[in-house]
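Me: I would like to learn how to read this structure step by step. Could you take me through it?

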Amino acid sequence: MKFTIQVNEGPYQHQASDTAYQFTKAALEKGHEIFRVFFYHDGVNNATRLTTPPQDDRNVVTRWSELAEKHDLDMVVCVAAAQRRGIADADESKRNGKDADNIAPGFRISGLGQLIEGGVQADRLVVFGD
Amino acid sequence: MLHTVNKSPFTNNSLESCLDCVADGAAVLLIEDGVYGALNGSKVADKVKAAMGKVTVYALSADVKARGIADKVIDGIKLVDYAGFVDLTVENDKVQAWL
Amino acid sequence: MSETKKFLYVNRKAPYGTVYALESLEVVLIGAAFEQDVQLLFMDDGVFQIAKGQDTAESGMKNFSPTYTALGDYEVTKMYVDKESLEERGLTVDDLLPLVWEDEDDDYAEKDSIILVSRDEIAALMEEQDVVLSF
């Protein structure tokens, strides 16, 4: 089955990103396809490269990056939500006159249409949020 | 249809609203703080047990264990792991998250 | 995209206290371009999103309630409102924005977008959908 996953909350503040990650991982282990993981609202904060969590706890951001690399996942961060919250890649940063970018590996910034497309193309859309 | 509820029923009305809007034969999965809705003897236990007559109620084992309530779950609520969560989304035609 | 699916946007949160109302509206607007069969549900505190008379001047926040009024132009013509949620909050449909759409098949007659529903009707509405988006 083909899944689109929507993640509405950032790392650590809510359990949403953890549950979404565990679900996505389990779905992949069962041989399902992940069409897209779409990060919206504070979910865009899962894409910051600058995270340094304590060593004895999970690293929510790199965990996503590693899963994406292992399974060639399409992880999309909503551009409007990212702009509001200061998550940017090099292009966005330059376009908006910022002096830095901070997006983590495996994430790409794109429009809300990617979420709708995810709903149309996938067999199941599962939302994780608060 | 699979309904997921992730909020505690003691702070939030998501579980109540969900149970008011489930059709016969649907599945309800309690996750994250929503697993507190599975606590036996709580003020919402009767409402949950009544709903179990028309829908199947599940709770995510990882979240039940994390919160130390595994021995207090209402009889008849099935515990599933993340793989079981995935299976529920496949077996039901769509998923609604009560956030 | 060749397929048309039934999309339900579930709005259960109040405006302004959190961003969900505003950002879910943005999804509705972008989603309109995909020509899917869209309906909105306002339930629990979500009914406050379409309350009349929102004045955000003093708060410094953007008043986005006029956008709900424009949804008819985006082919979003079905806005289901939970009766019980209104009653619990001491509201009636008269406290809500006058949300209408123009039916081009009926000489552009103005029709109500708001459809009051009971919880049983909501259960049936949800079962009919292909995709449910929650915020």
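**Strands, sheets and contacts**

Reply: Let us begin with a strand pair: S2(A) and strand S3 (residues 75-78) of chain A pair in the parallel sense over three bridges. Strands pair if DSSP finds at least two bridges between them; helices (H or I, at least four residues) and strands (E, at least two) are DSSP runs, numbered from the N terminus. This is a predicted model, in which local features need pLDDT of at least 70 and side-chain atom pairs count only at pLDDT 80 or more, while totals for chains, interfaces and linings use all residues. Residues are numbered from 1 along each chain as its sequence is written, and chains are lettered from A and ligands numbered from 1 in the order in which they are written.

Me: Which residue of S3(A) is the bridge partner of Phe38(A)?

Reply: In general, strands of a sheet pair through backbone hydrogen bonds, either parallel or antiparallel. Here the partner of Phe38(A) in S3(A) is Val76(A). Phe38(A) is also the bridge partner of Gln6(A). Strand S1 (residues 2-7) of chain A runs parallel to S2(A), joined to it by six bridges.

Me: How should I read the handedness of the crossover from S1(A) through H1(A) to S2(A)?

Reply: Point the strands away from you: a crossover is right-handed if the path from the first strand over the helix to the second runs clockwise. The β-α-β crossover from S1(A) through H1(A) to S2(A) is right-handed. The crossover from S2(A) through helix H2 (residues 60-71) of chain A to S3(A) is right-handed as well.

Me: Is strand S2 (residues 33-39) of chain A mostly covered or uncovered?

Reply: Count neighbours: a residue is buried if 20 or more other C-beta atoms lie within 10 Å of its own, exposed if 12 or fewer, and partly exposed in between, with C-beta atoms placed from the backbone. By that count S2(A) is mostly covered, with six of its seven residues buried. For chain C, buried residues make up 34% of the 135 residues.

Me: How many residues of chain C are in contact with chain A?

Reply: Two residues are in contact if their C-beta atoms, placed from the backbone, lie within 7 Å. In this model 18 residues of chain C are in contact with 15 residues of chain A. Helix H1 (20-31) and strand S7 (131-134) of chain C each give two or more residues to that side, and H1(C) has the largest share, six residues.

Me: And how many residues meet between chains A and B?

Reply: There, 15 residues of chain A are in contact with twelve residues of chain B. H1(A) gives the most to the chain A side, with five residues.
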